[in-house]
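User: I am new to this structure. Please show me how to read its features one at a time.

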Amino acid sequence: MDRILLHSNQTNLKGNIKLPSSKSESNRALMIKALSSKGITIHNLSKAEDTQILNKCLRYIETCGVSGIPMIVDAKNAGTVYRFLTAYLAIRPGKWMLTGSSRMKERPVKPLVEALRQLDADITYLEKDGYPPLLIKGKKITGGSVKLDSGISSQYISALLLVAPLLSNGIELQLEGKSISRPYIQMTIEILQYFGINIEQNEQRISVKQQNFSAGKFTVSPDWSAASYWFEMVALSREADLFINGLKKESLQGDRILAEIFETLGVKSTFKEEGLHLTKQKVKTSYFTYDFIDCPDLAQTVISTCVGLGFEGEFRGLKSLKIKETDRIKSLSNEIEAFGYSIVEENKELWKLKRHKDIAKLPENIVIRTYDDHRMAMSLAPLVLKTKQLIIEDPEVVKKSYPNFWDDLKFFGINIQKK
């Protein structure tokens, strides 16, 4: 397995950075383009591996005729891609075998499959009940009312909303339970509305009638999730003066809450016309608490920041992290062990970050395992500002969302060598 050695004597962070485009916005725009018969142009499409996988799958599907033999569509390790294509292939004539990586086969898809079956979709599990791969016999389905547990994954809801305008009866979604990652659902709704789709919604119901997409151009914004690692870098630096080009307060992305979260952790955010200015300020806590129910993808970065600052804390809204690229709670707890920390599950709603031993001097050559998870690599890498040296296993995982991450670290003075 490839490894890289990070080395840093940096205490100050200064300069400008351009973030990658949002893969969340890109993937939704690509789906709408595939579903629409109108001319849709996408600018600044993400170069993230997930988006490239989706683009490749959609192009392949477009070339396939209706056949009695299942056509194999491989979403690899891209969860959003798998969920979006499940709904898309259910309404596209033909036989499809939708598969993915070995980890994808461990990630549940049953709530989405059951919702589509309520709408008369023809979907069969090929291996383990409730999990990929799936045999999908695509056909015209009329739609209607469907109930869905919204406390597992927002991607199930987004997948249904994206195909809803093509169904003769549309879809009326009845959401049960407390929604997680609600801003991602809202992002889907707002991008659909941008392309002319009328949507009615309240807290527990979303209704989309059959209608046509409008033609148009869509420009993808910089990725707020990618910005989180730079907020962490600022928090862990002695001094910082960092400008992030193009990042706006008024964003479709819920992870814009970063500015509020890191205010407590010593990062001052100043929005300007050209982007976001980050500087150091006094840390406002020594025991951090937060509910990540709306932004679970930020949890690893924030917890790693707390470790770097020497804090303990309490965290809620982490349940969905267990079914991501890896069990992110367990994996992160494993890796911060070397820094004297662990994550303890107090109950199904509360996790505590605990410092279980004082390490006067951190061990040299700490090795970070990444578990085939891009966010593991990127959330823990900034800790090199505290350890001066870190080894990262399988660094190529960052391609999933932020292909230029290591180059950007180099630009800011982090020395990177292959091991």
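User: How many salt bridges does the count come to?

Analyst: Some ground rules come before the count. This is a predicted model, where local features need pLDDT of at least 70 and side-chain atom pairs count only at pLDDT 80 or more, while totals for chains, interfaces and linings use all residues. Residues are numbered from 1 along each chain as its sequence is written, and side-chain values use heavy atoms, with hydrogens and water left out. Now the general idea: side chains of opposite charge can pair when their charged atoms come close. A salt bridge here is a side-chain nitrogen of Lys or Arg within 4 Å of a carboxyl oxygen of Asp or Glu. By this rule the count comes to 24 salt bridges.

User: Which residue forms a salt bridge with Asp-129?

Analyst: Lys-110 does, and the closest N and O atoms are 3.4 Å apart. Asp-129 lies in the loop between β6 (122-125) and β7 (134-138), and Lys-110 in helix α4 (residues 110-118), so the pair ties together parts that are 19 residues apart in sequence.

User: Where do Lys-284 and Glu-263 lie?

Analyst: Lys-284 forms a salt bridge with Glu-263, with the closest N and O atoms 3.0 Å apart. Lys-284 sits in the loop between β15 (275-280) and β16 (287-291), while Glu-263 belongs to helix α8 (residues 258-263). The two are 21 residues apart, so the pair links distant parts of the chain. For accessibility, buried means under 20% relative accessible area, exposed over 50%, and partly exposed in between (1.4 Å probe, protein chains only). Lys-284 counts as exposed because its relative accessibility is 52%. Glu-263, at 28%, counts as partly exposed.

User: Are Arg-328 and Asp-297 buried or exposed?

Analyst: Both are buried. Their side chains meet in a salt bridge (3.2 Å, N to O). Arg-328 is in helix α10 (residues 328-336), and Asp-297 is in the loop between β16 and α9 (299-309), 31 residues apart. They also belong to a network of salt bridges, whose linked residues include Lys-23, Asp-50, Glu-325 and Asp-373.

User: Where is Asp-373 found?

Analyst: Asp-373 is in the loop between β20 (366-368) and α11 (374-380). At 0% relative accessibility, Asp-373 counts as buried. Contact means heavy atoms within 4.5 Å. Leaving aside neighbours within four places in sequence, Asp-373 is in contact with Gln-300, Glu-325, Thr-326, Arg-328 and Val-397.

User: At what angle do the axes of α1 and α5 cross, and what makes the contact?

Analyst: Axes are lines fitted to C-alpha atoms, for helices over the stretch in contact, and angles run from 0 to 180 degrees between N-to-C directions. The axes of α1 (residues 23-35) and α5 (residues 154-163) come within 10 Å and cross at roughly 30°. That makes α1 roughly parallel to α5, since angles under 35 degrees count as roughly parallel, over 145 as roughly antiparallel, 65 to 115 as roughly perpendicular and the rest as oblique. From α1, the contact uses Arg-28, Met-31, Ile-32 and Leu-35; from α5, Ser-158, Leu-162 and Val-163.

User: Which residues of α4 are buried?

Analyst: They are Pro-111, Leu-112, Val-113, Ala-115 and Leu-116. What covers them includes α3 (79-90), β6, β7, β8 (144-149) and α5. Just after α4, Asp-120 takes a positive phi of about 80°.

Note on methods. Helices (H or I, at least four residues) and strands (E, at least two) are DSSP runs, numbered from the N terminus.
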